[in-house]
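Thanks for coming. I will go through one model today, starting with terms and then moving to packing.

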Amino acid sequence: MENLIFCLNATIPIFITLMLGYFFRRIGLYDDSFVSQMNKFVFKAALPALLFMNIAEADFYEVWDTKMVIFCFITTFCSIAISIGLSFLLKPRDIQGEFVQASYRSSAAILGIAIIQNLYGDAGMAPLMIIASVPLYNIMAVTVLSFMKPGSHGMNKKMILKTLKGIATNPIILGILAGLIWSVLRLPLPTILSSTINNLGKTATPLGLMAMGGALHFGKAFSRLKATIACTFMKLVGFAAIFLPIAIKLGFTHDKLVSILIMLGSATTVSCYIMAKNMGHEGSFSSSVIMLTTLLSAFTLTGWLFICRSLGLI
(Lines give C-alpha, C1' and ligand atoms only; values in the text may rest on other atoms or scores of the structure.)
Protein backbone atom coordinates (compact mmCIF):
# COMPACT_ATOMS: atom_id res chain seq x y z
CA MET A 1 0.00 0.00 0.00
CA GLU A 2 2.89 2.37 0.78
CA ASN A 3 4.35 1.75 -2.70
CA LEU A 4 0.95 2.31 -4.32
CA ILE A 5 0.43 5.62 -2.48
CA PHE A 6 3.96 6.69 -3.48
CA CYS A 7 3.13 6.06 -7.17
CA LEU A 8 -0.32 7.68 -6.98
CA ASN A 9 1.23 10.80 -5.44
CA ALA A 10 3.53 11.00 -8.46
CA THR A 11 0.91 10.53 -11.18
CA ILE A 12 -2.58 11.54 -10.05
CA PRO A 13 -1.84 15.27 -9.39
CA ILE A 14 -0.46 15.47 -12.94
CA PHE A 15 -3.62 14.09 -14.50
CA ILE A 16 -5.87 16.20 -12.28
CA THR A 17 -3.97 19.29 -13.51
CA LEU A 18 -4.35 18.04 -17.08
CA MET A 19 -8.10 17.56 -16.69
CA LEU A 20 -8.38 21.00 -15.10
CA GLY A 21 -7.13 22.34 -18.43
CA TYR A 22 -9.98 20.53 -20.18
CA PHE A 23 -12.49 21.78 -17.59
CA PHE A 24 -11.34 25.41 -17.88
CA ARG A 25 -11.77 25.30 -21.66
CA ARG A 26 -15.22 23.72 -21.34
CA ILE A 27 -16.47 26.45 -18.98
CA GLY A 28 -15.09 29.15 -21.28
CA LEU A 29 -12.22 30.33 -19.07
CA TYR A 30 -10.09 30.09 -22.21
CA ASP A 31 -10.63 28.97 -25.79
CA ASP A 32 -8.77 26.92 -28.42
CA SER A 33 -6.80 29.98 -29.54
CA PHE A 34 -5.54 30.54 -25.99
CA VAL A 35 -4.63 26.83 -25.67
CA SER A 36 -2.62 27.10 -28.90
CA GLN A 37 -0.75 30.17 -27.62
CA MET A 38 -0.12 28.50 -24.26
CA ASN A 39 1.31 25.44 -26.01
CA LYS A 40 3.57 27.71 -28.05
CA PHE A 41 4.77 29.55 -24.92
CA VAL A 42 5.57 26.31 -23.08
CA PHE A 43 7.35 24.82 -26.10
CA LYS A 44 9.38 27.91 -27.04
CA ALA A 45 10.12 29.50 -23.66
CA ALA A 46 9.15 27.72 -20.44
CA LEU A 47 10.35 24.16 -21.17
CA PRO A 48 13.70 25.26 -22.69
CA ALA A 49 14.27 27.42 -19.58
CA LEU A 50 13.45 24.54 -17.23
CA LEU A 51 15.73 22.10 -19.04
CA PHE A 52 18.53 24.66 -19.33
CA MET A 53 18.53 25.28 -15.58
CA ASN A 54 18.42 21.56 -14.71
CA ILE A 55 21.52 20.90 -16.80
CA ALA A 56 23.43 24.17 -16.32
CA GLU A 57 23.37 23.81 -12.52
CA ALA A 58 24.56 20.18 -12.68
CA ASP A 59 28.08 18.80 -13.10
CA PHE A 60 28.16 17.63 -16.74
CA TYR A 61 30.77 14.96 -16.09
CA GLU A 62 28.57 13.42 -13.39
CA VAL A 63 25.27 13.78 -15.27
CA TRP A 64 26.24 12.63 -18.78
CA ASP A 65 25.58 8.94 -19.45
CA THR A 66 26.58 7.73 -22.93
CA LYS A 67 25.11 4.28 -22.28
CA MET A 68 21.68 5.76 -21.54
CA VAL A 69 21.71 8.06 -24.59
CA ILE A 70 22.62 5.15 -26.90
CA PHE A 71 20.02 2.87 -25.28
CA CYS A 72 17.24 5.48 -25.67
CA PHE A 73 18.17 6.09 -29.31
CA ILE A 74 18.28 2.39 -30.24
CA THR A 75 15.06 1.65 -28.31
CA THR A 76 13.24 4.52 -30.04
CA PHE A 77 14.45 3.31 -33.45
CA CYS A 78 13.34 -0.28 -32.70
CA SER A 79 9.92 0.94 -31.49
CA ILE A 80 9.42 2.83 -34.74
CA ALA A 81 10.44 -0.22 -36.78
CA ILE A 82 7.94 -2.40 -34.87
CA SER A 83 5.19 0.18 -35.44
CA ILE A 84 5.91 0.29 -39.18
CA GLY A 85 5.77 -3.50 -39.38
CA LEU A 86 2.45 -3.67 -37.51
CA SER A 87 0.95 -0.90 -39.66
CA PHE A 88 0.97 -3.21 -42.71
CA LEU A 89 -1.67 -5.34 -40.96
CA LEU A 90 -4.17 -2.48 -41.15
CA LYS A 91 -7.10 -2.86 -43.54
CA PRO A 92 -7.56 -0.42 -45.19
CA ARG A 93 -4.19 1.32 -44.84
CA ASP A 94 -5.37 4.93 -45.19
CA ILE A 95 -4.38 5.65 -41.55
CA GLN A 96 -1.03 3.83 -41.74
CA GLY A 97 1.12 6.94 -41.27
CA GLU A 98 -0.99 8.22 -38.37
CA PHE A 99 -0.92 4.76 -36.73
CA VAL A 100 2.87 4.60 -36.82
CA GLN A 101 3.41 8.11 -35.47
CA ALA A 102 0.79 7.85 -32.70
CA SER A 103 2.08 4.46 -31.49
CA TYR A 104 5.67 5.56 -30.77
CA ARG A 105 5.69 9.34 -30.24
CA SER A 106 5.50 10.10 -26.51
CA SER A 107 4.72 13.27 -24.61
CA ALA A 108 8.23 12.93 -23.21
CA ALA A 109 8.89 16.56 -22.33
CA ILE A 110 5.71 17.65 -20.54
CA LEU A 111 4.40 14.45 -18.91
CA GLY A 112 7.88 13.00 -18.42
CA ILE A 113 9.37 15.98 -16.65
CA ALA A 114 6.23 16.43 -14.52
CA ILE A 115 6.38 12.85 -13.20
CA ILE A 116 10.14 12.91 -12.60
CA GLN A 117 9.83 16.25 -10.78
CA ASN A 118 7.14 14.77 -8.53
CA LEU A 119 9.38 11.80 -7.73
CA TYR A 120 12.82 13.41 -7.46
CA GLY A 121 12.34 17.19 -7.27
CA ASP A 122 13.98 18.01 -10.61
CA ALA A 123 14.04 16.82 -14.24
CA GLY A 124 16.66 14.16 -13.47
CA MET A 125 17.78 12.24 -16.53
CA ALA A 126 14.89 13.43 -18.72
CA PRO A 127 17.13 15.82 -20.75
CA LEU A 128 19.38 12.91 -21.82
CA MET A 129 16.34 10.88 -22.87
CA ILE A 130 15.00 13.89 -24.83
CA ILE A 131 18.35 14.38 -26.63
CA ALA A 132 18.33 10.72 -27.69
CA SER A 133 14.70 10.36 -28.71
CA VAL A 134 13.05 13.67 -29.70
CA PRO A 135 15.14 14.42 -32.83
CA LEU A 136 14.50 10.86 -34.03
CA TYR A 137 10.78 11.26 -33.19
CA ASN A 138 10.59 14.29 -35.49
CA ILE A 139 12.68 12.92 -38.37
CA MET A 140 10.76 9.65 -38.50
CA ALA A 141 7.36 11.35 -38.07
CA VAL A 142 7.94 13.49 -41.16
CA THR A 143 9.34 10.52 -43.10
CA VAL A 144 6.49 8.17 -42.18
CA LEU A 145 3.73 10.73 -42.75
CA SER A 146 5.23 11.63 -46.14
CA PHE A 147 5.67 8.11 -47.48
CA MET A 148 2.48 6.66 -45.98
CA LYS A 149 0.10 9.45 -46.99
CA PRO A 150 -2.64 8.19 -49.35
CA GLY A 151 -1.51 9.00 -52.89
CA SER A 152 1.94 10.07 -51.69
CA HIS A 153 5.04 10.06 -53.87
CA GLY A 154 7.45 10.25 -50.93
CA MET A 155 9.53 13.12 -49.62
CA ASN A 156 10.99 15.95 -51.65
CA LYS A 157 14.09 18.06 -51.05
CA LYS A 158 12.05 20.93 -49.63
CA MET A 159 10.43 18.65 -47.03
CA ILE A 160 13.82 17.18 -46.01
CA LEU A 161 15.36 20.65 -45.55
CA LYS A 162 12.32 21.84 -43.60
CA THR A 163 12.57 18.82 -41.26
CA LEU A 164 16.29 19.33 -40.64
CA LYS A 165 15.74 23.04 -40.01
CA GLY A 166 12.91 22.24 -37.57
CA ILE A 167 15.18 19.92 -35.57
CA ALA A 168 18.11 22.35 -35.61
CA THR A 169 15.90 25.17 -34.31
CA ASN A 170 13.83 23.11 -31.86
CA PRO A 171 13.71 25.30 -28.70
CA ILE A 172 13.75 22.30 -26.35
CA ILE A 173 16.85 20.82 -28.00
CA LEU A 174 18.50 24.27 -28.02
CA GLY A 175 17.73 24.72 -24.31
CA ILE A 176 19.32 21.36 -23.51
CA LEU A 177 22.41 22.06 -25.65
CA ALA A 178 22.83 25.52 -24.07
CA GLY A 179 22.64 23.93 -20.62
CA LEU A 180 25.20 21.29 -21.61
CA ILE A 181 27.63 23.95 -22.87
CA TRP A 182 27.13 26.01 -19.69
CA SER A 183 27.75 22.94 -17.53
CA VAL A 184 30.80 21.72 -19.50
CA LEU A 185 32.47 25.15 -19.40
CA ARG A 186 31.44 25.57 -15.73
CA LEU A 187 30.29 29.11 -16.42
CA PRO A 188 28.99 31.09 -13.42
CA LEU A 189 25.25 31.64 -13.18
CA PRO A 190 24.52 35.02 -11.50
CA THR A 191 21.67 34.97 -8.97
CA ILE A 192 19.61 37.50 -10.94
CA LEU A 193 19.83 35.38 -14.12
CA SER A 194 19.32 32.13 -12.25
CA SER A 195 16.21 33.38 -10.43
CA THR A 196 14.69 34.82 -13.60
CA ILE A 197 15.18 31.64 -15.65
CA ASN A 198 13.99 29.52 -12.72
CA ASN A 199 10.77 31.54 -12.46
CA LEU A 200 10.17 31.07 -16.18
CA GLY A 201 10.93 27.35 -15.98
CA LYS A 202 8.52 26.83 -13.06
CA THR A 203 5.60 27.73 -15.35
CA ALA A 204 6.42 24.91 -17.81
CA THR A 205 4.83 21.97 -16.00
CA PRO A 206 1.46 23.43 -14.88
CA LEU A 207 0.87 25.43 -18.07
CA GLY A 208 2.03 22.55 -20.30
CA LEU A 209 -0.31 20.09 -18.59
CA MET A 210 -3.30 22.46 -18.72
CA ALA A 211 -2.63 23.24 -22.38
CA MET A 212 -2.49 19.51 -23.07
CA GLY A 213 -5.83 19.02 -21.28
CA GLY A 214 -7.34 22.01 -23.05
CA ALA A 215 -6.47 20.46 -26.41
CA LEU A 216 -8.62 17.37 -25.74
CA HIS A 217 -11.93 17.14 -27.63
CA PHE A 218 -14.05 14.20 -26.48
CA GLY A 219 -16.71 14.82 -29.09
CA LYS A 220 -14.57 13.40 -31.88
CA ALA A 221 -15.63 9.91 -32.89
CA PHE A 222 -13.47 6.78 -32.63
CA SER A 223 -14.12 5.79 -36.23
CA ARG A 224 -11.41 3.08 -36.31
CA LEU A 225 -11.90 1.56 -32.86
CA LYS A 226 -9.86 -1.65 -33.28
CA ALA A 227 -6.88 0.20 -34.72
CA THR A 228 -7.19 2.87 -32.00
CA ILE A 229 -7.17 0.24 -29.23
CA ALA A 230 -4.19 -1.59 -30.82
CA CYS A 231 -2.25 1.66 -31.16
CA THR A 232 -3.08 2.68 -27.58
CA PHE A 233 -1.97 -0.73 -26.26
CA MET A 234 1.39 -0.48 -28.03
CA LYS A 235 1.91 3.06 -26.76
CA LEU A 236 1.09 2.43 -23.11
CA VAL A 237 1.91 -1.24 -22.57
CA GLY A 238 3.55 -2.99 -25.53
CA PHE A 239 6.84 -1.10 -25.90
CA ALA A 240 7.33 -0.81 -22.13
CA ALA A 241 6.75 -4.56 -21.75
CA ILE A 242 9.37 -5.28 -24.42
CA PHE A 243 12.12 -2.79 -23.55
CA LEU A 244 11.75 -2.02 -19.83
CA PRO A 245 13.07 -5.46 -18.75
CA ILE A 246 16.08 -4.90 -21.03
CA ALA A 247 16.70 -1.50 -19.40
CA ILE A 248 16.54 -3.11 -15.96
CA LYS A 249 18.91 -5.87 -17.09
CA LEU A 250 21.38 -3.20 -18.25
CA GLY A 251 21.33 -1.65 -14.78
CA PHE A 252 19.17 1.46 -15.24
CA THR A 253 17.41 2.49 -12.01
CA HIS A 254 15.80 5.49 -10.29
CA ASP A 255 15.40 8.62 -12.46
CA LYS A 256 17.11 6.95 -15.44
CA LEU A 257 14.61 4.09 -15.41
CA VAL A 258 11.68 6.49 -14.94
CA SER A 259 12.91 8.56 -17.92
CA ILE A 260 13.05 5.41 -20.06
CA LEU A 261 9.58 4.41 -18.85
CA ILE A 262 8.19 7.82 -19.85
CA MET A 263 9.80 7.52 -23.28
CA LEU A 264 8.22 4.09 -23.79
CA GLY A 265 4.88 4.28 -22.02
CA SER A 266 3.58 7.84 -21.68
CA ALA A 267 0.63 9.28 -23.63
CA THR A 268 0.87 10.16 -27.32
CA THR A 269 1.90 13.81 -27.74
CA VAL A 270 -0.68 16.34 -28.95
CA SER A 271 1.72 17.45 -31.70
CA CYS A 272 0.96 14.16 -33.51
CA TYR A 273 -2.45 15.52 -34.48
CA ILE A 274 -1.03 18.89 -35.54
CA MET A 275 1.68 17.31 -37.69
CA ALA A 276 -0.69 14.78 -39.27
CA LYS A 277 -3.13 17.53 -40.26
CA ASN A 278 -0.38 19.78 -41.61
CA MET A 279 0.96 16.96 -43.77
CA GLY A 280 -2.33 16.12 -45.49
CA HIS A 281 -3.70 13.35 -43.27
CA GLU A 282 -7.29 13.34 -41.98
CA GLY A 283 -6.19 13.54 -38.33
CA SER A 284 -9.19 12.05 -36.50
CA PHE A 285 -7.32 8.78 -35.80
CA SER A 286 -4.43 10.68 -34.19
CA SER A 287 -6.91 12.67 -32.12
CA SER A 288 -8.61 9.47 -30.87
CA VAL A 289 -5.31 7.88 -29.84
CA ILE A 290 -4.18 11.07 -28.07
CA MET A 291 -7.41 11.18 -26.04
CA LEU A 292 -7.38 7.49 -25.13
CA THR A 293 -3.68 7.33 -24.21
CA THR A 294 -3.94 10.54 -22.17
CA LEU A 295 -6.82 9.17 -20.11
CA LEU A 296 -5.51 5.61 -19.69
CA SER A 297 -1.89 6.58 -18.99
CA ALA A 298 -2.99 7.79 -15.54
CA PHE A 299 -3.56 4.10 -14.72
CA THR A 300 -0.85 2.41 -16.81
CA LEU A 301 1.97 4.73 -15.70
CA THR A 302 0.91 4.30 -12.08
CA GLY A 303 0.98 0.53 -12.66
CA TRP A 304 4.46 0.57 -14.20
CA LEU A 305 5.79 2.81 -11.41
CA PHE A 306 4.21 0.52 -8.80
CA ILE A 307 5.95 -2.54 -10.31
CA CYS A 308 9.32 -0.73 -10.40
CA ARG A 309 8.85 0.60 -6.88
CA SER A 310 7.90 -2.87 -5.56
CA LEU A 311 11.06 -4.30 -7.12
CA GLY A 312 13.14 -1.61 -5.42
CA LEU A 313 14.20 -0.02 -8.72
CA ILE A 314 12.91 3.51 -8.04
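Helices here are DSSP runs of H or I with at least four residues, strands are runs of E with at least two, and both are numbered from the N terminus. This is a predicted model, where local features need pLDDT of at least 70, side-chain atom pairs count only at pLDDT 80 or more, and totals for chains, interfaces and linings use all residues. Residues are numbered from 1 along each chain as its sequence is written, and side-chain values use heavy atoms, with hydrogens and water left out.

Start with Leu-313, in the segment after H15. Leu-313 is buried, at a relative accessible area of 13%; buried means under 20%, exposed over 50%, and partly exposed in between, with a 1.4 Å probe and protein chains only. What does Leu-313 touch, not counting residues up to four places away in sequence? The list is Ile-248, Thr-253, His-254, Leu-257 and Cys-308, where contact means heavy atoms within 4.5 Å. For Thr-253, 60 residues away along the chain, the C-alpha separation from Leu-313 is 5.2 Å.

Next, helix H11, residues 204-214. Nine of its 11 residues are buried, among them Gly-208, Leu-209 and Met-210. The cover over those buried residues includes helices H1, H2, H6, H10 and H15.

Last, the cores. A nonpolar core is a set of buried Ala, Val, Leu, Ile, Met, Phe, Trp, Tyr and Cys residues joined through side-chain atoms within 4.5 Å. The largest has 80 residues, and Leu-47, Ile-130 and Ile-260 have the most contacts inside it. Helix H7 gives the most to this core, 14 residues. A second, separate core has eight residues, including Ile-95 and Phe-99.
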